[in-house]
Amino acid sequence: MDDFLAADNLSKRFDGVQAVDSVSFAIRSQEIFGLLGPNGAGKTTTIRMLSTVLAPDGGDVEIGGYSVTRESDEVRKRIGVCPQELALYPELSASDNLVFFGRMAGLSGREAKSLAADTLERVGLADRAKDAVRKYSGGMKRRVNIAIALMSRPQLLFLDEPTVGIDPQSRNHIFDTVLALRGEGMTVLYTTHYMEEADRLCDRIGVMDNGRLIALGAPAELKAQVGDPATTTLEEVFLNFTGRSLRD
Amino acid sequence: MRLLVRQAFILSAKDMRVFVRDWPGMAFALILPLVFVFGFSLAFSGVGPDDERLRLAVATEESAAEESAGGLSRQTLDALAASPETDVREWDAGEAAAAVEDGSLDGYVLFPGDFTQRVLSGGGAEIRVMLAGGAPPETEAALRGLASAVAGRIGAISLIAQGTAELAGPAALDLAELGRLAEAPPLISFSIERVGSREAFNASNFTLPGYLTMFVFFIAAMSAEAIARERQTQTLERLLANGARRPAIIFGKMLASLYRGFLQLAVLWPAGIFAFSIDFGVSPVAVIGVSVMMVVAAAAFGVMLASLVGSVKSATSAAVFTSLTLAPLGGCWWPLFVAPEWLQTLGLFTPHGWANDAFNKLMLFGAQGADVAANLAVLALFAAAFLAVALLRFRSAPAT
């Protein structure tokens, strides 16, 4: 399988703190890649560099064959970003939010409306499309947040903790959506603090801590490094790699 | 370039959609200024003088009994008091000098105690105009005018007195007769006619442009808070990752501020005309031109502020602080021309000051469009400077 994303020695420093330190990894086409790590490990900074909004201090990334530092416009045509925050306009309806982001991505008004309707159907919000997002439940807002990321018709989707603080029904709906997207040919980079999510969804997992990538492999491979893959949980793997000390 | 313009317009249209759904924000932008204008126009409506007579202060030294009993200065004062054009207040010479000294009186005309005697004797008398150090020029002009008129009139009587004395002897002088002469109509007289009616003083002609300027800048400054919030919720980063250009975001945000400012103009100016009877003066086009340039400067100010602040909280503080500081400095709360010179000088460092100066010239003093060309140019320079800072400093993500 070809690599759709290849990060090479990616580094970023903020005010004397090495947030990301020589991180290298690849994500294969149509793979769901989990990026795990405790708070402050450097996951979000890595995603910001991969998604072209933060320039790396060192190293580079190729996405779909284009460099994020030199060909960022081409990269942006191929990615969709669902940030950790609810990056949307609560005063507007879900439909208006999606149409706006679609048009900003270059779609015509007609294309954006059509794609917005399809996407809202996909995330189970078609019947509430015209309601202001501020009236939605937390889970519905999370689904709108994901739907917006799909409005640029991306080949690579970044999902940064997309299931924080939502009910099991919404979480399951998001899992199904992610799996369906992968089935349609999309590549997904997924970060989460819920280990069972990563275990269920991800083909491969990278574990980051203190800005460095400290483990990389399929869930079963990582479990085997720690104990019996049949009985070891991903949480045990995670704690084994990152330690038990509290983080900020 | 085409993509940038397209994205800027799409972004600004979205911001306007958000704005029109924000009813408290709309009320703050459009209703609150009218409440302020109504209240302060009412408060300032009593500022103009009810009594339009020329106010004069006159003092007499009381060293000679005939001056108070019916001498020439007494008769002059009585004649002035009878005039419908003047409001003469009599002072004791000592009290008048003290009042000038302590600043409660700008000046007065002083008749010497032996005024009549000196006039009748032909020895010459001196009417003195006493002025405070910082007396306004109009007070000096009025008192000089009074002194000159009295001197001219009494001078003529003095000549008659001298002639009478020379021909018939000093005993023939009759003070009462001279008094009648003083009261007789002069050979050459003048009259004052008021043509038409004087327009009532309308305080809204300066309160409305002042509060319009303040609220246009306030709303533009508050856009910094909205931008900081978008930065915090990662919406701006998402837009960038989605293919939006950084200048498109800045110009889009500025365009949205322009729309909001134009909406404020479209509501507040007509409300001023129909509800507060404001007068655009002889050059309404210039008033519109100044309004538009003021909105442009305010919109650029908003995006500059957004580029300088970090958190939502600091954006709110900066918006409120700058609005409440620049408004009084720039003559939004009172006309700068009545402010002390140091405040007028400070006002020149604010776009508010240049906008209000132009509005005052056009709406209060009958200036033509060409008279505010410098104001328009300075407002354009402010806008360019604000925009340059915004383009240099604008961040899409919170400071890390």
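User: By class, how many residues in the lining of the second largest cavity are charged?

Analyst: Residues are numbered from 1 along each chain as written, and chains are lettered from A, ligands numbered from 1, in written order. This is a predicted model, where local features need pLDDT of at least 70, side-chain atom pairs count only at pLDDT 80 or more, and totals for chains, interfaces and linings use all residues, while side-chain values use heavy atoms, without hydrogens and water. Ala, Val, Leu, Ile, Met, Phe, Trp, Tyr, Cys and Pro count as nonpolar, Asp, Glu, Lys and Arg as charged, and the others, Gly among them, as polar. In this lining six residues are nonpolar and three polar, and the number charged is one.

User: Which element gives the most to that lining?

Analyst: A cavity is a set of points on a 1 Å grid over the protein atoms alone where a 1.4 Å probe fits but cannot get out, and lining residues have an atom within 4 Å of a point. Helices (H or I, at least four residues) and strands (E, at least two) are DSSP runs, numbered from the N terminus. Helix H5 (138-149) of chain A and H11 of chain B each supply at least two residues. The most, three residues, comes from S6(A).

User: What is the volume of the largest cavity?

Analyst: The whole structure has two cavities of 30 Å³ or more. Grid points are joined across faces, edges and corners, and a volume is the space filled by probe spheres set on the points. The second largest cavity holds about 50 Å³, and the largest cavity has a volume of about 120 Å³.

User: How many residue positions apart in sequence are the parts tied together by A:Glu31 and A:Arg204?

Analyst: Their side chains meet in a salt bridge (a side-chain nitrogen of Lys or Arg within 4 Å of a carboxyl oxygen of Asp or Glu) at 2.5 Å, N to O. A:Glu31 lies in the loop between strand S2 (17-28) and strand S3 (32-36) of chain A, and A:Arg204 in strand S9 (residues 204-209) of chain A, so the pair ties together parts whose separation is 173 residues.

User: Is A:Arg70 buried or exposed?

Analyst: A:Arg70 forms a salt bridge with A:Asp60 (3.1 Å, N to O). Buried means under 20% relative accessible area, exposed over 50%, and partly exposed in between (1.4 Å probe, protein chains only). A:Asp60, at 17%, is buried. With a relative accessible area of 63%, A:Arg70 is exposed.

How values were computed. 1 Å grid on protein atoms, 1.4 Å probe; cavity = no way out; pocket = protein on both sides within 12 Å on 5 of 7 lines; lining within 4 Å.
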